[in-house]
Amino acid sequence: MKRKRDFTVTLLVSTYNKPDYLRQTLLSVARQTVLPDEVVIADDGSTDETRQLIDEIRTLIPIPIQRVWHPDTGFRLSEIRNKAIAAAKGEYIIQTDGDIVLGRHFVADHTAIAEHGWLVCGSRVYLGPKTTERILNKGFSRFRGLFGSQHGSFANSFRIGWLGRYLSKRYDRKATHIRGCNMAFWRQDLIAANGYNEDIVGYGAEDGEIVHRMRNGGVKNKMLKFGGIVYHLWHPLLSRDCLAANQNIHTRTKTEGITRCENGIDKYLNDKQ
């Protein structure tokens, strides 16, 4: 579990009232071949059960784990991510979710292609309900992840380091399938864009919108393929009631070339940042 590099790394994990899922995410952090310097959990209003789970897992991971929490007032993912990024100490932010199991080389693969002026978007292996139930009850194994994939995501379970590095700047960098559960950015670039747009509430579009805002500001993006593997545990679909309004904000960002949102991270930053 080496951490030798010339920049510091925060693993940002978003969660909401899924402690059994979050347990598998954090256990997969403990299995990393390369550890981040800290884990910051962006908790969008979970009950005390999640705090208790985090306290339990702290004994298994030899790095700081910080929980950033706010009261439950509905789906406020953009807001809690901003608060977590403001609290993060790492220069580089690798982002995932609390319903994700990380492949053993997830952090290593991300840090291997980290480059100033670039953000990184990865893929995911989407697991079905039966495989997810077995993992929640018996723990994760690559065998379960490999043969439990759905929706054509099987190819995302293969790690070929040299090919991933070769494709990182050659893959379709204008792809619209941006996965918030597998992204990485320099913290200074996030702050320059004023973080996530908190006008986006409810499910959908917050990840694509911030990526396009950063692109508009000159940050280029790599695609992490054949590496940075993650397994998305199944759960029922979230409400799409806010999706159309959120997509309208995303579309405006793209068409108008917006580089900085108004309602963002700046209100959580102190003078030293």
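**Salt bridges, buried and otherwise**

Okay, let's start with Asp207, which comes out as buried at 11% relative accessibility. Keep in mind that this is a predicted model, so everything here is computed.

Who does Asp207 pair with? Its salt-bridge partner is Arg81, and the closest N and O atoms sit 2.6 Å apart. Arg81 is in helix H3, residues 77–87, and Asp207 is in helix H9, residues 206–216, so this pair ties together parts that are 126 residues apart in sequence. And is Arg81 buried or exposed? Buried, with a relative accessible area of 1%. The cut-off for buried is under 20%, so both Arg81 and Asp207 fall in that class.

Arg5 makes a salt bridge with Asp37, closest N to O at 3.1 Å. Asp37 has 24% relative accessibility, so we call it partly exposed.

Now a local one. Arg51 and Asp55 form a salt bridge with the closest N and O atoms 2.7 Å apart. They're 4 residues apart in helix H2, residues 48–57, which means about one helical turn between them. Arg51 is partly exposed at 31%, and Asp55 is partly exposed too, at 33%. This pair also belongs to a network of salt bridges that links Asp48, Arg51, Asp55 and Arg58.

How many salt bridges does the structure hold? There are 16, and the Arg81 to Asp207 pair is one of the ones I've shown you.

Methods:
Residues numbered from 1 in each chain as written. Predicted model: local features only at pLDDT ≥ 70, side-chain atom pairs only at ≥ 80, totals over all residues. Heavy atoms only, no water. Salt bridge = Lys/Arg side-chain N within 4 Å of Asp/Glu carboxyl O. Buried < 20%, exposed > 50% of the residue type's maximum accessible area, 1.4 Å probe, protein only. Helix = DSSP H or I, 4+ residues; strand = E, 2+ residues; numbered from the N terminus.
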